[in-house]
Amino acid sequence: VGRFQPFHNGHLMVIQGMRKLCGRIIIGVGSTDGASTKANPFSAEERHEMISAALLDADIPDADIYDIPETTDHSDWVDAVLKTTGPIDTVWTGNEVVGRLFKEKGINVQKIKEVPGISATLVRERLLNGGEWDALVPDGVASVLRRIGAMGRMKELKGLQPK
């Protein structure tokens, strides 16, 4: 489960590693409710498109992608995830709270370590400030970001005029 705002090379590296160990990969797209913000500028549909493009390029055609509903209660959220995805054996996460919540439900948790120098926050900052961002994301994601005008969107969300 992740926000994938946007999907980047670190996410892809984790999925490629998972593919070696897992029979089935389920990707949960979180934070699907609400309007665009600086921290969550891309819609669930756009993130699905980014993830699908990256997985296609990486020859990983069999991962399932689901929107994860928002809830106000952590326990309800885990139940909503499981209702959406069906049974799962292992959750891979870098989020301590998510890991704890799934462990409490008796599900194995594998901790994901952040890949140094790659983060969605860094990609968004570089999109906003005109820095080198495209090397941080898979080619398919870069194509989607260009097509949807991600640089201009980030500037608009900050209150600046797009160039």
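Start with Asp 59, which is exposed at a relative accessible area of 56%. For accessibility, buried means under 20% relative accessible area, exposed over 50% and partly exposed in between, with a 1.4 Å probe and protein chains only. Asp 59 is not a glycine, yet its phi is positive, about 60°. It sits in the loop between α2 and β2 (64-67). Helices (H or I, at least four residues) and strands (E, at least two) are DSSP runs, numbered from the N terminus.

Before going on, the provenance. The model is predicted: local features need pLDDT of at least 70, side-chain atom pairs count only at pLDDT 80 or more, and totals for chains, interfaces and linings use all residues. Residues are numbered from 1 along each chain as its sequence is written, and side-chain values use heavy atoms, with hydrogens and water left out.

Back to the backbone. Most residues other than glycine have a negative phi, and most peptide bonds are trans. Ser 31 is another non-glycine residue with a positive phi, near 55°. It belongs to the loop between β1 (26-29) and α2, and it is partly exposed, with a relative accessible area of 25%. The peptide bond from Gln 5 to Pro 6 is cis, with omega near 5°. Pro 6 is in the segment before α1 (9-21).

Next, helix packing. How do α2 and α6 cross? The axes of α2 (residues 44-57) and α6 (residues 139-147) come within 7 Å and cross at roughly 150°. Axes here are lines fitted to C-alpha atoms, for helices over the stretch in contact, and angles run from 0 to 180 degrees between N-to-C directions. On the α2 side, the contact is made by Glu 46, Glu 49, Met 50, Ala 53, Ala 54 and Asp 57. On the α6 side, Asp 139, Gly 140, Val 141, Val 144, Leu 145 and Arg 147 take part. Contact means heavy atoms within 4.5 Å.

Helix α5 (residues 120-129) has Ala 120, Val 123, Arg 124, Leu 127 and Leu 128 buried. Why do they line one face of the helix? Seen down the axis of α5, the buried residues fall within an arc of 135°, so they line one face; the arc is that of the directions from the helix axis to the C-beta atoms. In general, an α-helix has 3.6 residues a turn, so residues three or four places apart point the same way. The buried residues of α5 pack against α7 (150-158). After α5 comes Gly 130, with a positive phi near 80°.

Last, the rings. How many aromatic pairs does a search of the whole structure find? It finds 2. Rings of Phe, Tyr and Trp (its six-membered ring) pair if their centres lie within 6.5 Å; planes under 30 degrees apart count as stacked, over 60 as edge-to-face and the rest as tilted. Phe 4 and Phe 7 have ring centres 5.7 Å apart and planes at 40°, so that pair is tilted. Phe 4 is buried at 9% relative accessibility, and Phe 7 is buried at 0%.

For Trp 77 and Phe 102, the centres are 5.8 Å apart and the planes at 75°, so the pair is edge-to-face. This pair links distant parts of the chain, 25 residues apart: Trp 77 is in α3 (residues 74-85) and Phe 102 in α4 (residues 96-104). Trp 77 is buried, with a relative accessible area of 13%, and Phe 102 is buried at 0%.
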